[in-house]
Amino acid sequence: MSKRDYYEVLGVTRTCTEIELKTAYRKLAMQHHPDRNPGDKDCEHRFKELNEAYDVLKDGNKRAAYDRFGHAAFEQGMGGGQGHGFGSNFGDAFADIFEGIFGMGGSQRGGGSGRERGSDLQYNMEISIEDAFRGKTAQIRIPTPVTCEACSGSGAKPGTQPTTCAHCGGAGRIRHQQGFFTLERTCPACQGRGQTIDNPCTSCSGSGRVTRDRTLSVNIPPGVEDGTRIRLSSEGEAGLRGGPAGDLYIFLSIASHTFFQRDGADLYCRVPISMVTAALGGDFEVPTVDGSKSRVKIPPGTQSGKRFRLAGKGMPVLRAKRMGDMYVQVTVETPQNLTKRQRELLAEFESLSSTDTQPESAGFFSKVKEFIDGLGGGGSSAH
């Protein structure tokens, strides 16, 4: 039986952050845990499936491989992804779930290291369609928790050091006997860090980090689409007490444009033309996204809605050496505010028209007449 998509298993999108991923996993794992559903084989299978999906997606390298190759990345020795379910991830899953069930709090398990990874951050950036076409290097300024320079991230006052937690002996976890189970919970005295700070740093109040405005460069490649996510590794929130920094995710949105609408690598442009140009033919120039112009020829008898293709004048395809196309759609504009003379000329033109000059409308009304005659001549008028 084929495996389900890991993102579908966890009920998240492919652009979800680590925090969103973990939240979704914990909620579903608690719901389907075998201890909450004794004897339910479906829940046991679902729980194993959740663990397998989370074990892959929580790891940045495994997730990147899965995004590119799918389940094939962990088959035939490609990624060592076999043996999930109740494998290496089960211990973490078990602790997470029982913390949720019994209210044991604390999301960090550091084995007493005191170092906690910083959270991932998200930055929303809007760019123009021209920037998406050419690519650019953008400068962004964001307030970010960074490592405190005064204490080098330790959280302790300069000249002092954190001390081993006396409550848990530096383990960060406390064992708890409940019936037949021996459970572990986060140490309430040190919040799982294994260390306490008797003399906190005055610059960061013991957290080991302070908030600073930082300016970062973001490389936006040509061809990015609306919703593209760019990851800046280790540019997120600094970890607590010298822990590793999280990542920064840049989410791109493309601003609406005066002339162009985008569909993948193709661009669309709507151009109104006069009925005279449509009838007699002509040409006009249109702007293109690369900043140049292209001339579009209109053959005589062009109908409203007709599209003309400009090959290679669309958007670049991301990470591919090819270009999309641009489509110019013409709409025939009906004249308004006519003078008396213009009305006379149009009336004269109409009187000279035949089925050859307006075959579509002539054919349509001919069919309408046949249909009405077939009904016995009945009908009603619209006003």
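The account starts with the whole chain and then turns to details.

This is a predicted model, in which local features need pLDDT of at least 70, side-chain atom pairs count only at pLDDT 80 or more, and totals for chains, interfaces and linings use all residues. Residues are numbered from 1 along each chain as its sequence is written, and side-chain values use heavy atoms, with hydrogens and water left out.

The chain has nine helices and 15 strands (DSSP runs of H or I, at least four residues, and of E, at least two, numbered from the N terminus). Of its 383 residues, 36% are buried, that is, under 20% relative accessible area with a 1.4 Å probe, protein chains only. Among contacts with a separation of 6 or more, 65% join residues 24 or more positions apart; a contact means heavy atoms within 4.5 Å.

Helix H3 covers residues 41-57. Its 17 residues should span 24 Å at 1.5 Å a residue, and the end C-alpha atoms are 25 Å apart, which agrees; the expected span is 1.5 Å times one less than the number of residues. H3 is mostly covered, with twelve of its 17 residues buried, including Cys43, Arg46, Phe47 and Leu57.

The second largest pocket is lined by 21 residues, and Met275, Ala279, Phe349, Thr357 and Gln358 lie nearest its centre. A pocket here is an open set of points on a 1 Å grid where a 1.4 Å probe fits, with protein on both sides within 12 Å along at least five of seven lines; lining residues have an atom within 4 Å of a point. Helix H7 (275-280) gives the most to this lining, with five residues.

Notes
Buried < 20%, exposed > 50% of the residue type's maximum accessible area, 1.4 Å probe, protein only.
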